[in-house]
Amino acid sequence: FEVFTDFEHAAENIKGIIRLEILSDQTTAGKGFRWKETRLMFNQEAPEEMEITEFSPSESYTVEAASHGSRYISVFRFVPEGEATTVVWDFRAEPVSLFAKVMSVLSFLMMGPVKKMMDEDMDQLAKVAEGRTEPPQQKVA
């Protein structure tokens, strides 16, 4: 849980993040914590502002973002299993604008790259949490 909510070091721990700016006055993760995360998507910088909307220490947190006429919701749940912890990441996009609703029929085209990004994030954070390797080097845009 601590590794996943360490936003101060997220750009160091996740190679897909090229820059992260904390927007909140609060310095640690919790409900209302906001940040701007910039990734390289399709060879272009893609900044997104995000906010934690639900927070239950050591158990779960929910992140929401609004972009391109849609609302994006990620729920991270941490399930203890003996000495290990299973992380479950539920993601969904809800079209809000008319354009996004019309374009949602093509959303399956984006699911491959999004799933790949999510899998890579999970693998890198798992390695950091388990101390198996050094965190990945940050990409420079």
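Me: Is T53 buried or exposed in this one?
Reply: T53 counts as buried, because its relative accessibility is 19% and the cut-off for buried is under 20%. Please keep in mind that this is a predicted model, so the values here are computed from its atoms.

Me: Where does T53 sit, and what is T53 in contact with?
Reply: T53 has its place in strand β3, which covers residues 44–56. Once its neighbours within four places in sequence are left aside, T53 is in contact with K31, T62 and E64.

Me: Which side chain makes a polar contact with the side chain of T53?
Reply: That is the side chain of E64, with a polar contact of 2.9 Å between the two side chains. E64 also takes part in a salt bridge with R71, where the closest N and O atoms are 2.9 Å apart.

Me: Is R71 buried, exposed or partly exposed?
Reply: R71 is partly exposed, with a relative accessible area of 31%.

Me: How many salt bridges does the count come to?
Reply: The count comes to 9 salt bridges. One of them joins the side chains of R19 and E45, at 2.5 Å from N to O. R19 lies in strand β1 (residues 17–22) and E45 in strand β3, so this pair ties together parts that are 26 residues apart in sequence.

Me: How accessible are R19 and E45?
Reply: R19 counts as partly exposed at 39% relative accessibility, and E45 also counts as partly exposed, at 40%.

Me: What about D90, which residue does D90 form a salt bridge with?
Reply: D90 forms a salt bridge with R77, and the closest N and O atoms of the two are 3.4 Å apart. This pair links distant parts of the chain, with D90 in strand β6 (residues 84–95) and R77 in strand β5, 13 residues apart. D90 is partly exposed, with a relative accessible area of 37%, and R77 is partly exposed as well, with 36%.

Me: Which residues form the aromatic cluster?
Reply: One aromatic cluster is formed by F1, F4, F7, F33, W35, F55, Y61, F76, F78 and W89.

Me: OK, and the largest nonpolar core, which residues have the most contacts inside it?
Reply: The largest nonpolar core has 24 residues, and those with the most contacts inside it are F7, W35, I52 and Y61. The elements that give two or more residues to this core are α1 (10–13), β1, β3, β4, β5 and α3. Of these, α3 gives the most, with 5 residues.

Me: What is F7 in contact with?
Reply: Leaving aside neighbours within four places in sequence, F7 is in contact with L20, A29, F33, W35, I52 and Y61.

Me: Back to α3, where is D123, and how far is D123 from I14?
Reply: D123 is found in helix α3, which covers residues 108–130, and D123 counts as partly exposed at 48% relative accessibility. D123 and I14 are 109 residues apart in sequence, while in space they are 9.2 Å apart, C-alpha to C-alpha.

Me: Last one, what is the phi of S58?
Reply: The phi of S58 is near 70 degrees, which is a positive value in a residue other than glycine. Most residues other than glycine have a negative phi. S58 lies in the loop between β3 and β4, and S58 counts as partly exposed at 47% relative accessibility.

Conventions:
Residues numbered from 1 in each chain as written. Predicted model: local features only at pLDDT ≥ 70, side-chain atom pairs only at ≥ 80, totals over all residues. Heavy atoms only, no water. Phe/Tyr/Trp six-rings, centres within 6.5 Å; stacked < 30°, edge-to-face > 60°. Helix = DSSP H or I, 4+ residues; strand = E, 2+ residues; numbered from the N terminus. Buried < 20%, exposed > 50% of the residue type's maximum accessible area, 1.4 Å probe, protein only. Polar contact = N/O pair within 3.5 Å; in protein donor to acceptor, adjacent residues only side chain to side chain. Contact = heavy atoms within 4.5 Å. Salt bridge = Lys/Arg side-chain N within 4 Å of Asp/Glu carboxyl O. Core = buried A, V, L, I, M, F, W, Y, C linked by side-chain atoms within 4.5 Å.
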